[in-house]
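Dear colleague,

I am handing over the structure below, and my notes on it follow. Please read them with the coordinates open beside you.

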Amino acid sequence: MVTDDLSLPVFEAGSVWLVGAGPGDPGLLTLHAVNGLKQADALVYDALVGPAILDMARPDCEKIYAGKRGGKPSPVQADISQRLVRLAQDGKRVLRLKGGDPFVFGRGGEEALALVAAGVPFRIIPGISAGLGGLAYAGIPLTHRDTNSAVTFVTGHGVGGSVPDGIDWAGLAKGSPVIVLYMALKHIAAIAGALMEHGRAPGEPVAVVSQATLPEQAILETSLGACAEDIAAAGIEPPCIVVVGDVVRLRAGLDWQGAAKGRALDPNPLGLSRRQETG
Ligand code: SAH
């Protein structure tokens, strides 16, 4: 196994590793994540972490579900944090596995601070966030010189389940040519409405990537003005990443998964006349 050649860290008993599992495809795990899975005594995992990844843990590893979906009761965040503390204090090597990256809309910061408060040693292992990995699998770059030099990651879900009120939609509409929305499905009509109210064109391209990087991955290309209706009509299910901006047009050239199934790719998806290369 490739990890045997690297001097990857030993998982100390009584410590917690807070690990990002990536968006779903097990191939997007880091070597640190795999190394942790091979050593952990206890695995505390979220709903977005799939069985193929859980199966990489040791057969005798205790697997504890801490997800917030799937019809099971939602564990309170403080209870999850306390559970991590108790398992570590019992001398376990505790792997806390979260979808994507633990520090991107994942409450990893809250859990790590609870470990700090309890004096439990920990390590953070980043993962590929759905907003990066999911869009890459859809053939949509986050930035491109001809479309944008800034991108913003936004959560569409506030603390109480409402549209987050702390977001400056006017500033976002004006200042961020590309907007990547997590947890946005429920409030997509309000979000698209706010962006258009503050100047974004109804015809601006939008892509919705559901179950990104998994075999069930599905992509809907739509527009800001039509997205709420199109999403409802297509019956798209979470988890989804929604991206707003001209980078979506690049998919006509970069849909590498489509190409593998016979889609002809357009080498000039933005329809530009030849660029003078400036280096
Ligand atoms: N920490 C995670 C995000 C957790 S919030 C990360 O970095 O990716 C949960 C949201 O992430 C979902 O509602 C969805 O918007 C997004 N998400 C996670 N996995 C996804 C996937 N495989 N496909 C599409 N969206 C995903």
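**The ligand and its surroundings**

The ligand is surrounded by 18 residues, of which Pro23, Val104, Ser129, Ala212 and Cys240 are the closest. Please keep in mind throughout that this is a predicted model.

An oxygen atom of the ligand, in turn, has a backbone N or O atom of alanine 130 at 2.8 Å. Of the 540 Å² that the ligand exposes when taken alone, the protein buries 94%.

**The two domains**

The domain assignment of the protein chain gives domain 1, covering 16–128, and domain 2, covering 131–278. Their centres, taken over C-alpha atoms, are separated by 28 Å, and the contact takes 9 residues from domain 1 and 14 residues from domain 2. Because both domain 1 and domain 2 give residues to the shell around the ligand, the ligand lies between them.

**Threonine 213 and serine 210**

Threonine 213 lies in the loop between β8 and β9 (218–223), and it counts as buried because its relative accessibility is 6%. The side chain of threonine 213 reaches two backbone nitrogens, that of aspartate 25 at 2.9 Å and that of glycine 24 at 3.4 Å. Leaving aside residues up to four places away in sequence, threonine 213 touches Pro23, Gly24, Asp25, Leu28, Gly133, Gly134 and Tyr137; Pro23 is also among the residues closest to the ligand.

Serine 210 lies in strand β8, which spans residues 205–210, and with a relative accessibility of 8% serine 210 also counts as buried. Not counting residues up to four places away in sequence, serine 210 touches Glu216, Gln217, Ala218, Ile236, Glu237, Pro239 and Cys240, and Cys240 is again one of the residues closest to the ligand.

**Glutamate 237**

Glutamate 237, one of the residues that serine 210 touches, is found in the loop between α8 (227–234) and β10 (240–244). Is glutamate 237 buried or exposed? Its relative accessible area is 54%, so glutamate 237 is exposed. With residues up to four places away in sequence set aside, glutamate 237 touches Leu185 and Ser210. Glutamate 237 and leucine 185 are 52 residues apart along the chain, while their C-alpha atoms are separated by 8.3 Å.

**Arginine 93**

Arginine 93 is placed in the loop between α3 (77–89) and β4 (94–98), and at 23% relative accessibility arginine 93 counts as partly exposed. A polar atom of the side chain of arginine 93 lies 3.4 Å from the backbone oxygen of glutamine 39. Not counting residues up to four places away in sequence, the residues that arginine 93 touches include Phe11, Glu12, Gln39, Asp41 and Arg58. Tryptophan 17 is 76 residues from arginine 93 in sequence and 8.0 Å from it in space, C-alpha to C-alpha.

Technical notes
Residues are numbered from 1 along each chain as its sequence is written. This is a predicted model: local features need pLDDT of at least 70, side-chain atom pairs count only at pLDDT 80 or more; totals for chains, interfaces and linings use all residues. Side-chain values use heavy atoms; hydrogens and water are left out. A residue is near a molecule or strand if one of its heavy atoms lies within 4 Å of it. A polar contact is a pair of N or O atoms within 3.5 Å; within protein, one must be able to donate a hydrogen and the other to accept it, and residues adjacent in sequence count only if both atoms are side-chain atoms. Accessible areas come from the Shrake-Rupley method with a 1.4 Å probe; for residues, only the protein chains shown count as cover. Domain bounds come from an automatic or database domain assignment. Helices (H or I, at least four residues) and strands (E, at least two) are DSSP runs, numbered from the N terminus. Buried means under 20% relative accessible area, exposed over 50%, partly exposed in between (1.4 Å probe, protein chains only). Contact means heavy atoms within 4.5 Å.
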